[in-house]
Amino acid sequence: MGKARKDRKRGPRHDPVGLNGSECVEEELNGSKASVNKGEALIQTVVDQLQSSNVDDKLCGLHMLSEVFDGRTLEEVVRNRVVRMAAPLLVDPNSTVRNSTAGAIRNLTTNGGPDFCDILIEQDVMTPLCSLIQKFGNEWQPKVEGTSSGDEEADTFIQAVNILWNLCESSATALKYFNQAHLLPLLVRCLDINTFGTDVAITVAECLQTVTEENKEAISEMQGLSEQLQQLLSSPNEEINMILLKVLIAGVLINIHSDGIGAMDPSRLSLIMASLSTALAYDQRRMLNQLTSELDLNIQKLNPRNRRRKQEDVEEEDEEMDSENEKESVEESKPTKKLKTRGKSTHTQERTEGILQQEKDSISNAARILQAQQIALEILANLCSGDDEEGEMDLDDSDVEEMSDSSFGEEGGSKEALPASVPSDVLEAVVSQRLITKVWDKTQLPAENVCDILCEDPDTQILFNRLGLLRSRAFLCLQNLLAVMDLEELGGSNDLYNMWLETTKLVFEKTKADDLQLLEAATSVMRAAVLRLAEAKATQFSTLTENDLKMLLQCESQCEHANVRANLIRIVSSIGQMLTPSLSPHLTVIGKFLMDAAVRDAELWVTAEALDCIFDVFGEDETDKAAFDIDLVNRLRGLAPALKNKVRLQKKNLGDHYHLVMTASNNLNRFIKYKSNRLASFKAIGHS
């Protein structure tokens with residue numbers, strides 16, 4: 001089982017001064033594009049403008065810093081220590097400068113990634129950032145109660161908290177600054193949606209979920225605030241923004257419950273599970289189908305030649321319409337007609353703006369639902385994974401040898417890790433709220449034409465990307481659920497086998513070879529499902545054909561991702577364990593495949609996985625004929641010296657794979673000895 005990683009998609013870029021690539025950038029870039037030193041010239045321009053006493057110059061410099069420099073050009077920003085010059089503007093006396101600075105630095109933290117965030121902290125961005133957030137204090141609230149729309153100060157706060165979130169997620173040093181600044185009470189205060197609205201509350205909750213994760217100081221400080229958080233979960237409001245907010249709050253409550261989820265008050269745990277269920281119950285496929293239909297309808301309402309015009313283009317076209325109308329009215333000498341058509345143009349512009357704003361809101365709502373569902377899946381996956389770290393022990397060589405001292409030929413099956421203990425309240429909620437079905441639904445794509453529209457439209461590409469991440473998280477969650485639920489609660493062996501078949505079709509027919517994240521997650525579900533079926537001695541695989549097997553084997557040999565190869569190796573092994581001796585031809589194919597994988601794979605731990613599978617499949621006496629047919633013992637003898645040498649060279653760098661590799665290495669000679677004796681007897685009775 002695995003814990004979900006919070007590989008979140010950052011929000012859209014923030015335009016700190018609302019220029020959208022306006023004249024100030026074009027003016028600075030004009031004539032310098034062909035220059036070899038363009039980067040240095042731009043940096044110098046930005047530096048000069050940031051250090052200017054003129055507000056407009058500062059704003060222009062901030063806009064350039066935000067829009068011109070991306071992941072490819074950030075080295076210039078770092079080398080010239082531009083952030084150190086820009087950061088103090090977070091507390092500039094001018095509110096627009098503060099807002100623009102926060103937007104620019106937020107974009108930098110988004111574009112630069114974790115390494116760049118560390119550099120920002122080295123250039124002392126945390127000091128003015130914490131000062132800016134502290135200035136909002138206990139008295140501040142948006143100009144219009146319950147909303148941050150159109151409020152520059154509220155937008156500045158949102159941008160600042162986003163910076164804090166990005167930095168704390170990437171850097172332990174930033175988390176230390178956060179703890180020292182005692183910002184938690186101020187942030188929790190902003191969860192009051194009646195005063196601050198859901199946009200501010202969601203931004204704060206996103207930050208809180210990050211800063212309370214394994215942060216003892218924050219957890220301790222939040223203990224007295226948990227009741228306030230629980231009240232938010234109790235709200236009957238199920239609007240889209242509230243669905244996301246509740247899921248985030250559920251994550252925070254789990255983070256700050258230091259005694260473990262099993263000791264949590266049942267009523268609070270019930271609210272948490274209900275929040276996850278509500279988010280996952282939302283039909284994302286229908287939502288995206290409706291959205292793309294709306295986009296198609298808008299194409300007819302707007303200019304079909306170029307629906308994706310910027311607002312300046314809309315205004316330019318309206319001006320052309322005005323000009324044409326004016327000419328017509330002059331020619332006809334009818335001023336009343338001129339006034340009428342001009343009014344019509346204004347109406348057209350307002351109508352166009354209204355349609356585009358409605359479309360923007362629909363896309364934003366869709367993005368928030370997908371975000372809520374992704375977080376809900378991560379939380380549920382972690383609830384069903386147990387505390388893996390506490391259950392692990394450091395193993396030395398003697399521990400491994402002792403663990404591998406059992407005899408081959410005894411019934412036991414695959415030595416997968418036993419599922420961690422999951423609180424009964426969680427398992428009961430999974431069953432009563434039909435969460436397995438809801439999670440499975442998140443693995444499914446919308447109709448092909450819907451996906452095509454999402455991919456082709458620049459405004460909705462982020463939704464398609466989030467949909468891919470959602471599906472990967474759903475498979476990871478399913479993997480953990482399959483490991484901890486009773487077979488009957490999973491629908492029995494027939495339903496589980498059908499899930500395995502559907503996932504197999506997805507892997508082999510509908511997933512691109514370079515979509516490694518989805519491939520790993522989906523094959524992990526296949527692995528978990530076939531293991532449960534093997535434990536139950538299911539008979540569904542008795543109808544498996546050699547072509548079915550070859551499809552699995554070919555995928556493994558062509559895959560470049562070690563984790564996916566390991567999953568496929570274990571899947572084939574589990575199928576081999578379920579086959580009866582009468583299906584010896586299949587066992588021969590499986591044995592050759594596992595042996596080839598052990599010899600061929602460049603990753604030592606994948607070789608160990610293949611060997612472990614060989615021990616599982618051929619550890620039974622009934623498999624002697626298949627082992628004899630593929631000359632298994634001699635091939636293993638040929639592999640042993642190379643394996644021993646690899647283990648000696650890589651022993652100190654095996655990390656999480658140490659136990660697997662050492663166990664397989666120590667078991668190899670013992671298995672060769674056992675199977676040699678078996679095959680000697682096999683040949684002695686006339687099978688030669």
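Residues are numbered from 1 along each chain as its sequence is written. Because the model is predicted, local features need pLDDT of at least 70 and side-chain atom pairs count only at pLDDT 80 or more, while totals for chains, interfaces and linings use all residues; side-chain values rest on heavy atoms, with hydrogens and water left out.

The chain holds 33 helices and 0 strands (DSSP runs numbered from the N terminus, helices being H or I of at least four residues and strands E of at least two). Of its 688 residues, 51% are buried (under 20% relative accessible area, with exposed over 50% and partly exposed in between, for a 1.4 Å probe and protein chains only). Among contacts (heavy atoms within 4.5 Å) with a separation of 6 or more, 80% come from residues 24 or more positions apart.

Two helices can be set against their expected span (1.5 Å times one less than the number of residues). Helix α24, residues 461-484, reaches 36 Å from first C-alpha to last, close to the 34 Å expected. In α24, 18 of the 24 residues are buried, so this helix is largely enclosed by the rest of the structure. The buried residues of α15 include Arg268, Leu269, Ile272 and Met273.

Turning to the aromatic side chains, the count comes to 11 pairs (rings of Phe, Tyr and Trp, the last by its six-membered ring, with centres within 6.5 Å; planes under 30 degrees apart are stacked, over 60 edge-to-face and the rest tilted). Tyrosine 497 and tryptophan 500 form a stacked pair, because their ring centres are 6.2 Å apart and their planes stand at 10 degrees. Both belong to helix α25 (residues 492-509), where being 3 residues apart separates them by about one helical turn. Tyrosine 497 is buried at 14% relative accessible area, and tryptophan 500 is buried at 4%.

Phenylalanine 615 and phenylalanine 671 make a tilted pair, with centres 5.0 Å apart and planes at 40 degrees. Phenylalanine 615 lies in helix α30 (residues 604-617) and phenylalanine 671 in helix α33 (residues 658-684), so the pair ties together parts 56 residues apart in sequence. Phenylalanine 615 is buried at 3% relative accessible area, and phenylalanine 671 is buried at 0%. Elsewhere, ring pairs link Phe136, Trp140, Phe157 and Phe196 into a cluster.
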